[in-house]
Structure formats: structure tokens, C-alpha cells
Amino acid sequence: MKLLFNFCFAMMLLASACSTADAVPEFKDKVAAEENQEENGNGNGGETDGRPVMGTYKRYNVDVEEISGICLNKDKTALLACGDQGVLKEIDPNTMAVKTIWTRDADMEAITLDPRTNDLYIGIEYSQKVYKLDAPDYQKHSSIIYVQEAIDKEYKNSGVEGIAYWKDDLVFIGTQWGANLWVYKLDGTMVSKTSLSGFADEIAGLDYDPVGDWLWVVDSNYKKFYICTVEGKLLATYDVGFISNAESICVDRDRSCVWIGSDESSPKIYKLEFTF
């Protein structure tokens, strides 16, 4: 009887060891798959609850020195991009060929288009103001908004980095300093101010998505971008550790993607596939 008991006990130990050994590779495979997913730009930080899902990405070199702002043109056939060195260019989204539209000695950090008039609004950092470029040729400009707090508190090179047309005569303006987010009227009147510092280290770029009524915010310090409500409530977080210096973001639902510009020595633009 004792011999039979020892035999049964030994068999139980062997079965348990085999079971454990079988489970270990399965766990490792899962971890490897998750790491591979992150390396290839998949996943969205685990927040998929009814929010857009990020897929794979493609990276392109683009001839826009220190690219810092991106938006779609009026008919959504091209991207319009500005850079720190004071250049506005049009980018073909299929070939990445560029065409210079306008240049100015100004630290251009952000860009948005007014769909009512097709005028462009460009955020100028150091001087903390917004240019209006008149459609259709974008050769005439005027200063229409001054972000007074950023001027008074000397935000300087941590100032205006994001702008997004919202509705009527309202635009969002964001700064690196304090991840501050303002709503301004186009006549220069400040409407409101909030901070996204509860989840973001900075606002490096902005886009407003009228379909979801969402703000998309890119943060180059944390290497993430976010979806939040227009009041600043966080809805989703996406990791983009593979992007060196993400400073601009543009939602392109027609192409099922989000564009992100990376301000680096060899400027890049990333096309991130999205399921909306």
C-alpha cells in the first residue's frame, strides 16, 4: 500500500511540473507578442473602450525643416505644414513631395484651417501670437491674437505650440508651459483657460476632431498623445515612444489615419493607421 501511495504521489508531482513547464512558454509568447506590437506601433495604451484604435505606422522623411504644425488643406487632398524656421509648405500625402507656399522670419509652431473661409491660423511661439493668412494664396498675413499670459509670464520657447479651429469664431491654443489650453475668439478676446497638466506634461500640438467632438493632443516629453473632451477631460492615451520628437498632430478620417510630425535633425512625418 505504501509503495502504491508513493508511486501515485510521484506521478502527481510529475504532472504538476509538466503543467507548469507548458505554461511558461505560453506566457513568454504573450509578452513577446505585446512587445512586438509596441515596437510596430500597435495598441493604444490599453484604452479601447469605444475609442479609436491605433494600428501600424509608416515613417517618411519630409522636407519641412523643424516640422512643428500639420493640418489638412481645404479639400483634404494635401497636408499643410509649418516649421520653426518660418516656412509653410504643402505636402503630397502619397509621395511626400513638398511645395513651398510662404516664408517668414517667425517661429511657426502650429497651424489650423478655418473651414468657413479656408484662411489659415499659425501659432508663433516666442512672440506668443497667432497669424492669419488669407485664402486662397496665403501670401497676406496679419496678427490677430496675442496670448497675453504667455507674454507677461515670459513663456518664450515654452510658449504657443498648438492651435486648432473649433467652431464659429473660436480656436484652441495650447502651450508647452503648464500644458495650458485656452479658447480665444478670432478678434483676440480670451474666452477660457484650463490646464491638461493632470495627464500631460505639455501641449506640443493640437487638432480638433468635429466628428467625435474631441481634442487630440500630442506630448513630445511623455512621448504620448491623447484624446480629450473640449473641456479637457482625458478619454484615451496612446504611446508613441518610437517617435523622437512629436510636435504636431492631424486627424485624417478620410485616409483612416493620424499624421504626426517629428521635429528632429532629419524631419519625419508618421502615418498612424486608425480604426475610428
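Me: Tyr155: buried or exposed?
Reply: Buried, because its relative accessibility is 3%. Buried means under 20% relative accessible area, exposed over 50%, and partly exposed in between, with a 1.4 Å probe and protein chains only.

Me: What kind of model is this, and how are residues numbered?
Reply: It is a predicted model, where local features need pLDDT of at least 70 and side-chain atom pairs count only at pLDDT 80 or more, while totals for chains, interfaces and linings use all residues. Residues are numbered from 1 along each chain as its sequence is written, and side-chain values use heavy atoms, with hydrogens and water left out.

Me: How many aromatic pairs are there?
Reply: The whole structure has 16. Rings of Phe, Tyr and Trp (its six-membered ring) pair if their centres lie within 6.5 Å; planes under 30 degrees apart count as stacked, over 60 as edge-to-face, the rest as tilted.

Me: How are the rings of Tyr155 and Trp177 arranged?
Reply: Their centres are 5.5 Å apart and their planes are at 25°, so the pair is stacked.

Me: Where do the two sit in the chain?
Reply: Tyr155 is in the loop between α2 (148-152) and β10 (160-167). Trp177 is in the loop between β11 (170-175) and β12 (180-185), 22 residues apart from Tyr155. Helices (H or I, at least four residues) and strands (E, at least two) are DSSP runs, numbered from the N terminus.

Me: And how accessible is Trp177?
Reply: Trp177 has 49% relative accessibility, so it counts as partly exposed.

Me: What about Trp166 and Phe172?
Reply: They form a tilted pair, 4.8 Å centre to centre with 35° between the planes. Both are buried.

Me: What lies over the face of Trp166?
Reply: Lys167, at 4.6 Å from the ring centre. The cut-offs for a charge over a ring: NZ of Lys or CZ of Arg within 6 Å of the ring centre and within 35 degrees of the ring normal.

Me: Switching topic. Which residues have the most contacts inside the largest nonpolar core?
Reply: Trp216, Phe225, Ile260, Leu272 and Phe274, in a core of 21 residues. Such a core is a set of buried Ala, Val, Leu, Ile, Met, Phe, Trp, Tyr and Cys residues joined through side-chain atoms within 4.5 Å.

Me: Which strands supply it?
Reply: β15 (214-219), β16 (224-229), β17 (234-239), β18, β19 and β20 each give at least two residues.

Me: What does Leu272 contact?
Reply: Setting aside neighbours within four places in sequence, its contacts include Met54, Phe225, Val240 and Ile260. Contact means heavy atoms within 4.5 Å.

Me: Which strand holds Val251?
Reply: Strand β18. Val251 counts as buried, because its relative accessibility is 10%. Beyond four places in sequence, Val251 touches residues including Leu72, Trp216 and Phe276.

Me: What is the strand order in the sheet with β18?
Reply: β1-β20-β19-β18, an open sheet of four strands with antiparallel pairing. Two strands pair if DSSP finds at least two bridges between them.

Me: Why is one side of β1 and of β18 left without a neighbour?
Reply: β1 (53-61) and β18 (246-252) stand at the edges with a single partner strand each, so one side of each has no neighbour in the sheet.

Me: How many bridges join β19 and β20?
Reply: Six, in the antiparallel sense. Ser262 has Lys268 in β20 as its bridge partner.

Me: And which strands make up the sheet with β15?
Reply: The order is β14-β15-β16-β17, open and antiparallel. β14 (205-209) and β17 are its edge strands. Trp214 stands opposite Thr229 in β16.
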